[in-house]
Structures are given as structure tokens and as C-alpha cells.
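This report is for a reader who is meeting the structure for the first time. Please keep the sequence and the 3D view at hand while reading.

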Amino acid sequence: MDLPTVWFVLIAVLWTGYFVLEGFDFGVGTLMGVIGRDNPTRATMMGTIGPVWDGNEVWLIVAGGATFAAFPAWYATLFSGFYLPLLVILIALIVRAVGIEYRHKRDDIAWQRRWDACIIAGSILPSFLWGVAFANLTAGVPINADGNYAGTVFDLLGGYALLGGLTTLALFTTHGAVFLALKTTDPLRTTARRTAVRLGVVTIVAAAAFLTWTAFKHANPASIALSITAAVALVAAVALVAAGREGWSFSATTVTITAVVAALFTALFPDVMPSTIDSAYSLTVAGTASSPYTLKIMTIVAAIFTPVVLLYQGWTYWVFRKRLTAPRQADAHT
């Protein structure tokens, strides 16, 4: 396997790590508007992701940086063509981050409610728009002979892309509900488990439609096998959380997200951005890669620092592994 292909695989791994980890805290943020009916419950929900959410975003920064360094032509076309949706995602992530940091700074219900609204919106928008972006990457976008995006923002809102957005929103929210059930005690645990089952059924329908559509677009045996793996794992996740096996269910939703991302990148290869104008204009792994020297240096740096990041994140999850209990409203100070 040559270095450009190695880095294409590594970038797929980085995006998978980001969606698995940030996916559940997007889900918890979204569920604040569904099952976070009182302030103590919302505070407990934030407590489940409080020690880890910012570490999860490191994966996004590394994935974006690695794409820029390893495939600069891909990065340039992607970020210029998807400028508006990526800007909305960036603003949503900033507003959400400020909300998480500021909501507990004042003992004022109105203050906390306003920041809660920011957290909810800042969780829903990226969950949906990442799905739209990756569906467009897989389906292809209008790229001209110069390698530039030749469409408008409305070209990114086709039926397949919107279904991709709905699928990631439903999948991340289900992933978050399972995580909540895993990290809390009754009654929040019971509520989260029940919500995970109901959302899981909706997610199964959306994911089945999206993955079937993807399979028809790309008759790629490996991609189809990964799509089937994702579907089986999702059904298992719903059955396991219904049976009270939250740990195994969380592992199953992790497998689902991993398989979905792997299926999309597998369907994409050897392109990185297919052109809908002419397949000859498609951006490819080989055609957009940096020089062999740059990729060699990046590989050495990644080999040194990736284990450090993994050890630190693993330690964080281990230290904050205990379940949280939501105080009763009458006992709460807020």
C-alpha cells in the first residue's frame, strides 16, 4: 500500500473516531430538548459528557489538519465548495462550546435555559450537516476541469444528501441515548433506555434507506458488506439496550458508526471527490496527495503522537467511568 492510500485510510480512521466520540455527546446535547425536562436532569446530562466533550473534538481538528497536509488539493476544493455548510457547523460548534462552559456559571434558571438552547441547536446542526456533507462527498459534486467546485449551495441539498443528514442526526441521537443509559442511574437511566429503543427503530428505517441508496449508487462489494454490518449492529444495539445491556449496546452503536463511515470511504476510493460533470474531472487519492517527503514526515509524527493521544483519552474515560445520579428537583440548588 503506497503512502497516499495509507493516509486516505488514516483520514477515514480519524473521521470515524470523531463521529464515534463526538456522536454521543452531540446525541446527549440533542436529547436535552427531549428528556431534559428539569434543570437537575439537564445538569446531570451535561455531567456525563463534561469531562470528555472537548477531548472528542481533537479528532475533528486532527482530521481537518491531516486532510490539509496530506491532500491539499482535496482540502481546497472541499472547503471552498462546502464553505457555507462548514461555516454553519463551525459557528454551531463554537456556540455549543460556549454554552457548555457558561451554563453553570450563574445560578439563574433563565440564564441556564438560554445556554441550553444554544447547546441543543449546536448539537442538532452539526449532526445533520455532517451527514449532508459526507453524502455529497460519496454521491459526487459538480467539479470542473480546473478542480474547482462549480455548483451552488442548493446543489448540496439533494434527496440523497438530506437523507444522509437525517440518518446521522438519528444515529448520533440514538448513540447519545445509549450513552446516557450507560452513564446514569434511575430514573434518568430508564428514560434514556426507553428513548434509545424508540429512536433506534426510527434510525433503523432511516439508515436502511440511506445505505440501500448508497449500495445502488456504488455497486462495491466491500461497501455493501460494511453496510450490512452496520445494519446488523444497529438492530443488535436496539435489542441490547431494550434488555438493559447498555455497555454492549454502546459497543454495537460504535460498530454501526464505524461501519457506516468505512462504507462511505470504501465507496469513494480511489476518488476523494467524484465529479458529476465528467468522471475525468474527479479528484483522486493519487492526484491530490502531497509529496512523498511530506507524507513520510507526517507518518513519523503520527506514529509518535497518536499513542499519546489515545492513552490520554483512555485515561480520561477511565477516571470518569462511574454513573451519575440526577438529584431530585426539591434537592437541587438550581
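The model is predicted.

**Helix 6 and helix 7**

Two packed helices are described by the angle between their axes and the distance between the axes. Helix 6 covers residues 83-102 and helix 7 covers residues 109-139; their axes come within 8 Å and cross at roughly 145°. The crossing of helix 6 past helix 7 is left-handed. On the side of helix 6, the residues making the contact include Pro85, Leu86, Val88, Ile89, Ala92, Leu93 and Arg96. Helix 7 contributes, among others, Trp111, Trp115, Cys118, Ile119, Gly122, Pro126 and Trp130. Sorted by type, the residues of this contact of helix 6 with helix 7 are 18 nonpolar, 3 polar and 1 charged.

**Aromatic rings**

A pair of aromatic rings is described by the distance of the centres and the angle of the planes. The count of aromatic pairs in the model is 28. Two of these pairs are set out here.

| Pair | Centre to centre | Angle between planes | Arrangement |
|---|---|---|---|
| Trp111 and Trp115 | 5.8 Å | 70° | edge-to-face |
| Phe179 and Phe250 | 5.8 Å | 50° | tilted |

Trp111 and Trp115 both belong to helix 7, and because they are 4 residues apart there, about one helical turn separates them. Both Trp111 and Trp115 are buried.

One aromatic cluster is formed by Phe8, Trp15, Tyr18, Phe19, Phe26, Phe71, Trp74, Trp130, Phe134, Phe172, Phe265 and Phe269. Trp130 of this cluster is also named in the contact between helix 6 and helix 7. Elsewhere, a charged residue is placed on a ring: Arg321 lies over the face of Trp318, 3.8 Å from the ring centre.

**Cis peptide bonds**

Most peptide bonds are trans. Asp186 and Pro187, however, are joined by a cis peptide bond with omega at about 5°. Pro187 sits in the loop between helix 8 and helix 9 (188-217). Phe269 and Pro270 are likewise joined by a cis peptide bond, with omega about 5°. Pro270 is in the loop between helix 11 and strand 1 (271-273), and Phe269 is a member of the aromatic cluster.

Leaving aside residues up to four places away in sequence, Thr174 touches Ala196, Leu199, Gly200 and Thr203. From Thr174 to Gly64 the separation is 110 residues in sequence and 26 Å in space, C-alpha to C-alpha.

Leu240 belongs to helix 10 (residues 221-242). With a relative accessible area of 27%, Leu240 is partly exposed. Leu240 and Val178 are 62 residues apart in sequence, and their C-alpha atoms are 9.9 Å apart in space. Beyond residues up to four places away in sequence, Leu240 touches Arg245, Trp248, Ser249 and Ala252.

Conventions
Residues numbered from 1 in each chain as written. Predicted model: local features only at pLDDT ≥ 70, side-chain atom pairs only at ≥ 80, totals over all residues. Heavy atoms only, no water. Axes fitted to C-alpha atoms, helices over the stretch in contact; angles between N-to-C directions. Helix = DSSP H or I, 4+ residues; strand = E, 2+ residues; numbered from the N terminus. Left-handed = near helix turned anticlockwise from the far one by under 90°. Contact = heavy atoms within 4.5 Å. Nonpolar A, V, L, I, M, F, W, Y, C, P; charged D, E, K, R; others polar. Phe/Tyr/Trp six-rings, centres within 6.5 Å; stacked < 30°, edge-to-face > 60°. Buried < 20%, exposed > 50% of the residue type's maximum accessible area, 1.4 Å probe, protein only. Lys NZ or Arg CZ within 6 Å of the ring centre and 35° of its normal.
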